[in-house]
Amino acid sequence: MLIESDLDAVRRHTIASEEPVDFDDFWQATLAEAQNVDLDVRVQRVESVLSLIDVYDVTFRGAGGTDVKAWLRVPAGATAPLPTVVTYVGYGGGRGKPEESLTWVAAGLAHLHMDTRGQGASWSVGDTPDVSTGGPQIPGVMTRGIQNRDDFYYRRLITDAVRAVDAAKQLPQVDATRIAVAGGSQGGGLALAVAGLRDDLAAAVAFVPFLCDFGRATLITDSYPYREIVDYLRIHRDQAASVYDVLGSFDAVFHARRATAPVHFSVALMDATCPASTVYAAFNAYAGPKEITEWAFNGHEGGGIEDETQAIAFVKKHLGV
C-alpha cells in the first residue's frame with residue numbers, strides 16, 4: 001500500500017534537515033586519513049564451476065587500514081582492460097559466493113563486487129569483519145558508533161566504497177578511465193556517496209537507495225533498518241539531537257548535491273523500507289545529469305529485472321560500450 005498518498009508532494013520533496021557546515025572538511029579529512037595507508041591490492045584466481053566467467057578474489061585496505069574483500073568477475077580469458085562497474089551490497093548482505101551476481105559480467109563488463117564489513121549474514125554471505133570502538137548499539141549496524149561521527153559505522157563503510165574504486169583502477173582487467181558505480185538499497189546509498197566524493201566516475205546507478213533523508217525516513221516508516229535508529233532513541237531519549245547531528249554527515253542527499261556523474265535512479269511508491277519521498281530527496285538534490293524510473297506498484301524490490309536491464313543499458317551508454 002502507499003505510505004505517502006500525495007504523490008505530487010513526494011516527487012517534489014526536498015530534504016528539510018540542515019547540512020553540516022563542515023561536511024566537506026569532514027570527508028576530506030576522512031579520505032586523506034585513508035589515503036595515508038597503501039591500498040595493498042591482492043588478487044587470487046578462484047576455481048569455480050563457471051566456464052564463461054573468470055573470478056578473482058580481491059583484497060584491499062579499507063578504512064582504518066583493515067582488509068576488505070571483493071570479487072572481480074570478467075568474461076573468461078579477458079586480459080585487455082574492460083569498462084567496469086563497481087557494485088555495493090544491500091543491508092545485511094555480503095559479497096556472496098563467486099558464482100552469484102553474474103548479470104554485469106554477462107553483459108560484457110568487468111565487475112568488482114565489494115563486500116560489506118560486518119554484514120553478510122542476513123541473505124548473502126560476507127567475509128569482511130568490522131572493527132569498532134563504538135558504545136551501545138541496537139542489533140544491526142545503524143547505531144554502531146552513533147555516539148561520535150568519527151566512530152560511526154558508515155564512516156568506515158563509505159570509505160571502503162571509495163577505496164574500492166581506487167582498488168579497481170589497479171587491476172589489469174579494468175579500464176581505469178571507464179568506471180561506474182552501482183547498488184541497490186544500502187548499495188544505492190553507497191553509490192550516491194561515492195559519486196559525491198569522486199569526480200572520476202563515468203556513471204552511477206542507485207536502485208531504491210537507502211541512507212537518504214534520515215530525518216524524514218525515521219519519522220514516516222516503521223520498517224527496519226531505519227527502525228534501528230528509532231529503537232535506539234526510544235531508550236537513549238536525551239540523544240536525539242546528537243544522533244541526528246551524526247547522521248547528517250552520512251546522508252546520501254548531501255553527497256548527491258556534490259555528484260556530477262550521470263546517474264540512473266529507481267524508486268518504488270509502495271516501498272516501506274526506503275520511502276519514495278526520501279529517494280526523491282536524493283534525486284532532486286543530485287547535481288549531475290539524472291534520470292529516474294518510478295515503479296508504482298512495487299515495494300523495496302523495486303523493478304526487479306527491469307531495474308537491472310535499464311541499468312545495464314544506462315551504464316553501457318556512459319561507458320561507451
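Helix axes are lines fitted to C-alpha atoms over the stretch in contact, and angles run from 0 to 180 degrees between N-to-C directions. The model discussed here is predicted.

Q: How are α7 and α8 oriented to each other?
A: Helix α7 (residues 226-235) packs with helix α8 (residues 240-248) at an axis separation of 10 Å and an angle of about 150°. Angles over 145 degrees count as roughly antiparallel. The orientation of α7 and α8 is therefore roughly antiparallel.

Q: How is α4 oriented to α5?
A: Helix α4 (residues 153-169) and helix α5 (residues 186-197) have axes 9 Å apart and an angle of about 65°. The range from 65 to 115 degrees counts as roughly perpendicular. The orientation of α4 to α5 is therefore roughly perpendicular.

Q: Which residue has its backbone nitrogen 2.9 Å from a polar atom of the side chain of tyrosine 91?
A: An unreviewed UniProt entry places a "binding site" feature at Tyr91, and tyrosine 91 lies in the loop between β4 (82-88) and α3 (103-106). Its contacts beyond four places in sequence include Gly140, Val141 and Met142. The backbone nitrogen at 2.9 Å from the polar side-chain atom belongs to valine 141.

Note on methods:
Residues numbered from 1 in each chain as written. Predicted model: local features only at pLDDT ≥ 70, side-chain atom pairs only at ≥ 80, totals over all residues. Heavy atoms only, no water. UniProt positions renumbered as here; feature names shortened; annotations may be inferred. Helix = DSSP H or I, 4+ residues; strand = E, 2+ residues; numbered from the N terminus. Contact = heavy atoms within 4.5 Å. Polar contact = N/O pair within 3.5 Å; in protein donor to acceptor, adjacent residues only side chain to side chain. Parallel < 35°, antiparallel > 145°, perpendicular 65-115°, else oblique.
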